[in-house]
Amino acid sequence: MKKTAIVTDSNSGITQKESKEMGIHVLPMPFFVNEKPYFEDISLSQEEFYKQLGENADISTSQPSPGDVMSLWDELLKEYDEIVHIPMSSGLSASCETAMMLAKDYKGKVQVVNNQRISVTMRSAVLDAMRLRDAGKSAAQIKEILEKERLQASIYITVDTLYYLKKGGRITPAAAALGTVLNLKPVLQIQGEKLDSFAKVRGWKAAKRTMLKAIDDDLKKRFADVKDDMILGIAYTCDKETAAEWRAEVEQAFPGYEILEDPLSLSVACHIGPGSMAITCMKKVRI
């Protein structure tokens, strides 16, 4: 049986410390803060990121350089026979497309998975890849299975402030001003590729109810045929205490479900700001 390495990036929420414990490899996502380069979980911590965000620093996202990606692959292929590389959704970053292009020179030894995941749904895909590898599946088989399951996931997010959506051009200054006055909370969704609008409600309680209902509807309708294989996830840019309260609400609404939990990817956080909460559901690959 071939020896298979699993690679992902820090948008999965998997830290460098966790990656060592799990026996996988995590590429840190690069950021520019006031034009100075940083790498997530290497030279840029969650705490420093939100400190800079709160100080209105100029923060922009980037993708791992081709050289960094190839250096990691080349190093791993000295020890492993093949690689499964799981980048963030191709709809949210060009890093997936770049990795797929680079993999063409590796004669099938590197399989790049385009399965449209981010944050806890991406972590779930990594865990699935590990289970599939341990069950004897090849890198090519793992890629095929994960891409077949790519749309078996939903993410719903609500934000604490409209400032960052306005700053990123996702809503107009007038809409942001009106929304702030009316205490409107947009609920956003990620269904496969892009971050899109789902609903607008007034206040946190209504926003959380809307997200919980959206997941309930997905489980009962969209994923009814695979409901027994679904797991849930929560992600957040809020403080730990608020996140714990959100998790308790999710557990109460959906008793018995496995729940993954992570701080929200900084690549998403940079566009929606601190204080946000998300809920996800995703299908766990059956071995």
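In this predicted model, Met 211 touches Tyr 156, Ile 157, Thr 158, Val 187, Trp 246, Met 277, Ala 278 and Ile 279, leaving aside residues up to four places away in sequence. Met 211 belongs to helix H9, which spans residues 204-222. The relative accessible area of Met 211 is 0%. Buried means under 20%, so Met 211 counts as buried. Arg 123 lies 88 residues from Met 211 along the chain. The C-alpha atoms of this pair are separated by 21 Å.

Helix H3 covers residues 66-76. Its buried residues are Val 69, Trp 73 and Leu 76. Viewed down the axis of H3, these residues fall within an arc of 65°, so they line one face of the helix. An α-helix has 3.6 residues a turn, so residues three or four places apart point the same way.

Ser 95, Cys 96, Thr 98, Ala 99, Leu 102 and Ala 103 are its buried residues. Around the axis they cover an arc of only 160°, which puts them on the same side of H4. Glu 97 and Met 101 are exposed, and sit on the face of H4 turned away from the buried side. The packing partners of the buried H4 residues are E1, H3, E6 and E7.

Strands E3 (residues 30-33) and E4 (residues 36-39) run antiparallel. They are joined by 4 bridges. Phe 31 stands opposite Tyr 38 of E4. The hairpin of E3 and E4 has 2 residues between the strands. In this hairpin, Asn 34 takes a positive phi near 50°.

The largest pocket holds about 400 Å³ of space. It is lined by 22 residues. Closest to its centre are Thr 15, Gln 46, Glu 47, Lys 240 and Pro 263. Helix H2 (46-54) and strand E12 (259-263) each supply at least two residues of the lining. H2 gives the most, with 3 residues. By type, the lining of the largest pocket divides into 8 nonpolar, 7 polar and 7 charged residues.

Technical notes. Residues numbered from 1 in each chain as written. Predicted model: local features only at pLDDT ≥ 70, side-chain atom pairs only at ≥ 80, totals over all residues. Heavy atoms only, no water. 1 Å grid on protein atoms, 1.4 Å probe; cavity = no way out; pocket = protein on both sides within 12 Å on 5 of 7 lines; lining within 4 Å. Points joined across faces, edges and corners; volume = space filled by probe spheres on them. Nonpolar A, V, L, I, M, F, W, Y, C, P; charged D, E, K, R; others polar. Buried < 20%, exposed > 50% of the residue type's maximum accessible area, 1.4 Å probe, protein only. Arc of directions from axis to C-beta. Pairing = 2+ DSSP bridges. Contact = heavy atoms within 4.5 Å.
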